[in-house]
Amino acid sequence: MKIVVCIKQVPDTTEIKLDPVKGTLIRDGVPSIMNPDDKGALEQALRFKDKFGAEVTVITMGPPQAEAILREAYAMGVDRAILVSDRRFGGADTIATSYTISQAIKALDFDLILAGRQAIDGDTAQVGPQIAEQLDLPQITYVENAEFDGKKTFTVRKNTEEGHEILEVDMPCMLTVLASAYEPRYMSIEGIMTCFDKEVTTWTADSFPVDFDKLGLKGSPTSVKKSFTKGAKAMGKLHDEITPEEAAEIIFNKLKEKFII
């Protein structure tokens, strides 16, 4: 089994700040990490490797410094790492991003694609499903567990608002994974010692067939108009020792004051 895992380098959200003028994330000097949901997907891939001898390739699209999470993936046990990096990819929305990554994956031999449910810097949960659509693959999202029968079929537990669904899907397919369902392994000592000796392959827009009109900002039909942090709310007023009738009247008056009723 050949597995491709899509991972992303994201800012550590405990350190995030917004540029008040541009409305964009301030990334300079902010620590970067592997996206948690993606790390869950990587753990699932490595479990398949442990049990079935799967070959695991990680791929990320980003600037040159994104190589750091590929080295981390090597230290965790992956077999191959690919960095998709080119200024022509800059400014991509989820559609242009998924197009670029899907075209890169087309150049690989794969049976299963894994990705995190969503990235913590954008929270769209769109890129994984869009990659599946670009590649015309069946997909299951919000995966909590996946078992393989050793032939071609995965039995998957999917999280839903109502509970869980148990689904079956044949490879090739796409699964997006919840970080909360997995405990990612630590990097091994040997992996840490050898991860910088291994090759990270860098692919540009010239490395695989693409429609250049679908890349980057030019290929993005959506854009962010404004970003801002949520303002702090004023402290509420506590009403003690009042009757239910008085409480109802206070609530009614507040709703009327705010033009809700």
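A salt bridge is a side-chain nitrogen of Lys or Arg within 4 Å of a carboxyl oxygen of Asp or Glu. Keep that cut-off in mind as you look through these views of a predicted model.

View 1. Welcome to a protein with six helices and 11 strands. Its C-alpha atoms fill a box of roughly 70 × 45 × 40 Å along the principal axes. Of its 261 residues, 41% count as buried. Among contacts with a separation of 6 or more, 72% are between residues 24 or more positions apart.

**View 2. The surface and the charges of the protein.** The accessible surface comes to about 15,400 Å², and carbon and sulfur atoms hold 52% of it. The protein carries 31 positive and 41 negative side chains, with the centres of the two sets 4 Å apart.

**View 3. Lys158 sits in a strand.** Find strand β8, which covers residues 153-159, and you will find Lys158 there. Leaving out residues up to four places away in sequence, Lys158 touches Ile140, Thr141 and Tyr142, as well as Gly163, His164, Glu165 and Leu167.

**View 4. Lys158 is a buried charge without a salt bridge.** Which side chain of opposite charge is nearest to Lys158? That is Glu165, 5.5 Å away. A salt bridge needs the nitrogen and the carboxyl oxygen within 4 Å, and the buried Lys158 has no such bridge.

**View 5. Lys158 meets Thr141.** Here the side chains of Lys158 and Thr141 are joined by a polar contact of 2.8 Å.

Methods: Residues numbered from 1 in each chain as written. Predicted model: local features only at pLDDT ≥ 70, side-chain atom pairs only at ≥ 80, totals over all residues. Heavy atoms only, no water. Helix = DSSP H or I, 4+ residues; strand = E, 2+ residues; numbered from the N terminus. Buried < 20%, exposed > 50% of the residue type's maximum accessible area, 1.4 Å probe, protein only. Lys, Arg positive; Asp, Glu negative; His and termini not counted. Polar contact = N/O pair within 3.5 Å; in protein donor to acceptor, adjacent residues only side chain to side chain. Contact = heavy atoms within 4.5 Å. Areas by Shrake-Rupley, 256 points an atom, 1.4 Å probe, with all protein chains shown as cover. Charge placed at Lys NZ, Arg CZ, Asp CG, Glu CD.
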